[in-house]
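Let's walk through the salt bridges of this model together. Have the sequence and the 3D view open as you read.

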Amino acid sequence: MDDPGVPVNTCLGIDHTHARFDSTVPPALRVEPGEVFTLRAASLLDNELFGVSDEYERMAIPITGPVHVQGAAAGTVLRVDVRRIRLADAGAMVTIPGRGAFSHHMARTHRVVRIRDGQVWFDDDTPIPLDPMVGKIGVSPAGPAPSSSTVGGFGGNMDCREVRAGCSVLLPVQVDGALLYAGDLHAAQGDGESSMTAVETAGEIELSCAVLTDLPLARPIVLTPDTVFTIGDGESLDEAARAALDDMLALLVADRGWTPEEAAMFVSAAGNVGVCQLVNPRLSARVGVPFSAFRSPRHRDLLRCPAL
């Protein structure tokens, strides 16, 4: 996906971080479709309280933006192409009593881990493969500004492991210009982010955008070179998975002309339901189906990851 002949036009630093996906914040950057830009992302280690206080609830990881994309009018779809992710050499994790997915009562603690040689070193003799991803990416809703730590139809804190370099994220635009934010980089995260944090690290996200005008979309879709993922959210995992399943069902019915029953049987045989995160007040899940399942020229064009 990287093109060495395309220069990075602009970079937003962590002086443009925010706690909400807020449409009332003036754009910090304006870009044209196809223009390459970079967002610098903050982490727990950038918070002045980290290491001084253990009140981790006060250290929500912010998002960088907003970016106004020319031509992204309300009702269109913004395709965000994740071109490259660069990470710092250290990350942090925390546990908080009453938070996370375990029944065990967790103590309030933290850990700083090193990132080197393509590995995340959980301790001196326990490496985890480096797997950079973007935890939070979304556009601004038209109504009240949601927290950077929540997820919804606008995107947000999806914590989907498929949001890596080389993927694309489709987001339904609610306000003119889209007003895109992103942040919350992870050096490694398991499905579910079960202790409440992944390996939270600072870094840079190199992005470009396209505007799509012929794809009705209520919630995000993530595209990889070989798979289409619908992303659902809800107050329970059942609700989140059902939303992702319903969105995939609608895509396949529209593409193949199948009945809902036929599409449901296909997803049951060829699709995969996965957990993105199950530790925040609003949970997220994904459903993946091979790109090859889509046959109509229209859908193959709209759902094709540019890396293909």
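**Salt bridges across the chain**

Arginine 161 and aspartate 191 form a salt bridge, with their closest N and O atoms 3.6 Å apart. Arginine 161 sits in the loop between β12 (155–156) and β13 (168–172), while aspartate 191 sits in the loop between β14 (180–186) and β15 (200–212), so this pair ties together parts that are 30 residues apart in sequence. Here a salt bridge means a side-chain nitrogen of Lys or Arg within 4 Å of a carboxyl oxygen of Asp or Glu. Helices (H or I, at least four residues) and strands (E, at least two) are DSSP runs numbered from the N terminus.

A word on the ground rules: this is a predicted model, where local features need pLDDT of at least 70, side-chain atom pairs count only at pLDDT 80 or more, and totals for chains, interfaces and linings use all residues. Residues are numbered from 1 along each chain as its sequence is written, and side-chain values use heavy atoms, leaving out hydrogens and water.

How exposed are the two partners? Arginine 161 is partly exposed, with a relative accessible area of 23%, and aspartate 191 is partly exposed too, at 39%. (Buried means under 20% relative accessible area, exposed over 50%, and partly exposed in between, using a 1.4 Å probe and protein chains only.)

Next, look at arginine 298, which forms a salt bridge with aspartate 214, the closest N and O atoms being 2.9 Å apart. Arginine 298 belongs to helix α3 (residues 297–302) and aspartate 214 to the loop between β15 and β16 (221–223), so the pair ties together parts that are 84 residues apart in sequence.
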